[in-house]
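Work through the exercises below with the sequence and model at hand. Try each task before reading its solution.

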Amino acid sequence: MFRAFPQADILRTQVPQWVQAHGDLVWLYTGVTRFLFPLLALLILVRAIRGLLRIPTAGEVWGQLALPGGGSLPIRHWENILGRAPLADLRLDLPTVSRQHAALVREEGGQWRIHDLGSKAGTLVNDEPVEGSAPLKVGDALSVGGVKLLFLPLSRGEEEQLLQRRRAEAPLSMVPSLLWLTLFQVLAAVQLFLASGGEHRTAPLTLLVLTAVMWWYYSSARRRLRGFELETIAFFLSTLSLAVTASSAPEATVKQLVAILLGLLFLSALTAWMADPARLQKLRWLMAALAIGLLSVTLVLGRSKFGAANWIILGPFSFQPSEIAKIFYIFAGSATLERLFHRRNLGLFMVLTGVCLLCLALMSDFGTACIFFATFLVIAYLRSGDFATLSLLCGGAAFAGLLVLRFKPYIFRRFASWGHAWQAASTTGYQQTRAMSAAASGGLAGMGAGNGWLQNIPAADTDLVFGMLCEEWGILIAVLAVLSILTLTVFAARACRVGRSAFPTIAACAAGALLAAQTALNVFGAMDLLPLTGVTLPFVSNGGSAMIASWGLLAFLRGADTRERSRRAPVKKEVSSQ
């Protein structure tokens, strides 16, 4: 290429000399941009975070069950538990009603169906006993434990009005954030180029390719839809990931860009695949088998890195199957809803969790095991609401954790230095003390991308990436990065209150809990507030498998977004077909 363009060969040799000869100008650029970057980050994130947090939490009402003598029970979801339990969606606090008496479900075509959940007193529709399930129509008399209710769903006109209200709450346009993000990436590319003395030209190239090809193309391809807050946050964090990678491992920057592209494709495919609820139910066992299969293959073929045998290495390529297994695990846990909240299905999910945790324990991957268990608690609670059972499970997990510490010396050494890393600064606390020193030296605005020294410490761009962010980008951007990830978790929690269907609600909450747990373990581990478990910071740490998995988790969050034009919601299709 340089032979075809002689000017390029001259530029290649003269640019580093120019950078060295104009040190004052480079210093001035770094001094200005290091204070400009936090302002741009605020402009990018504030609009996106505001758009997510302004989503109404009042929920939608899809009908009602009229009570005898007046009053009614509003139907707020597409899958509703009817019973005496305090957490039942439609609660009847009467001794003749079982805790989980029946499930009232809205099917894909808009029809409603009642499922008896093995109640003692039985369920009747128009005085006919329900054996398994039965359809419900407007005005049908529903008898639950001797209590007669009148089923009154929304009419077609009322559903059209509901659709119009959703259209009035259309998401904010992310074009301003897109423009600010583009400027952020260009300035970061120039900063990395200058900080490297012109040696690493791949970093500016990848950042510009990310902006020009991926983000702009993705936005234009979805121009008929709106609601890019989730993707805006993910692209901002991915930009930081590229910058961190270009600073610490410039040879891996192109690989990280490819991982972001694959993650974006994974997000698009997963979002489209989840649009069909029937497909989710049919393949739930396949998802469970894939989760176990990936972990089992890693257990047999895995190679050890940093004490955990959770890597598969094929020539120059290495990846962590446990990262992708998280996606399949959430699918399996959230999709086993053929009969809502049946103990049999929850029991099978507990078996799945036990097998996954056993595989991770045998790999000595304690950090990922903690993340799986935190995700399990969220899914189990949303599906059962049984605090007593969850308390027993937590007790059993604590006992298992003690056994792991007893028989896994590597993990025990990690715990031994927890809380007093400075006393073992040259041994088990080596990484934590360097990360804390680098974070302190960065101050509010940082030293400038590519100007830090933590990049020379092992795992600086993975386990210790929070310290690297603080050092090179400043505590302001590092905190904004963490807050933006936590905003995704808050969005998932708020989706519980407005979610129509069980699968997207449970899956989004599970993904949000996983992101929060992983972020806490990474940040607090680097700062010696928790044991250093070796987990990555979502979207930010260098690593292809982790990046692809982070984008895959974003699909669960997008599936819980019920706003008009934020995705191809099935409601519009259903209303028009009635």
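The model is predicted, so local features need pLDDT of at least 70 and side-chain atom pairs pLDDT 80 or more, while totals for chains, interfaces and linings use all residues. Residues are numbered from 1 along each chain as its sequence is written, and side-chain values use heavy atoms, without hydrogens or water.

**Exercise 1. Aromatic pairs**

Task: Classify the pair F37 and F184 by geometry, then do likewise for F373 and F376.

Solution: 
1. Apply the rule: rings of Phe, Tyr and Trp (its six-membered ring) pair if their centres lie within 6.5 Å; planes under 30 degrees apart are stacked, over 60 edge-to-face, the rest tilted. The count comes to 15 aromatic pairs.
2. Take F37 and F184: the centres are 5.0 Å apart and the planes 65° apart, hence edge-to-face.
3. F37 sits in helix α2 (residues 23–53) and F184 in helix α4 (residues 175–195), 147 residues apart. Helices here are DSSP runs (H or I, at least four residues), numbered from the N terminus.
4. Check burial (under 20% relative accessible area, 1.4 Å probe, protein chains only). F37 is buried because its value is 4%. F184 is buried because its value is 0%.
5. Now F373 and F376: 6.0 Å centre to centre and 35° between the planes make a tilted pair. The two lie about one helical turn apart because they are 3 residues apart in helix α12 (residues 366–384). Both F373 and F376 are buried.
6. Widen the view: F373 and F376 share one aromatic cluster with Y329, F349 and F372.

**Exercise 2. The second largest cavity**

Task: Which residues line the second largest cavity?

Solution: 
1. Define a cavity: on a 1 Å grid over the protein atoms alone, a set of points where a 1.4 Å probe fits but cannot get out; lining residues have an atom within 4 Å of a point.
2. Search the whole structure: 3 cavities of 30 Å³ or more are found.
3. List its lining: T33, R34, F37, Q191, A445, G448, A449, E472 and W473.
4. Assign helices: α2 and α16 (465–473) each supply at least two residues. The largest share, 3 residues, comes from α2.

**Exercise 3. A loop residue**

Task: Is D528 buried or exposed?

Solution: 
1. Locate D528: the loop between α18 (502–526) and α19 (544–559).
2. D528 counts as buried because its relative accessibility is 10%.

Note on methods:
Buried < 20%, exposed > 50% of the residue type's maximum accessible area, 1.4 Å probe, protein only. 1 Å grid on protein atoms, 1.4 Å probe; cavity = no way out; pocket = protein on both sides within 12 Å on 5 of 7 lines; lining within 4 Å. Points joined across faces, edges and corners; volume = space filled by probe spheres on them.
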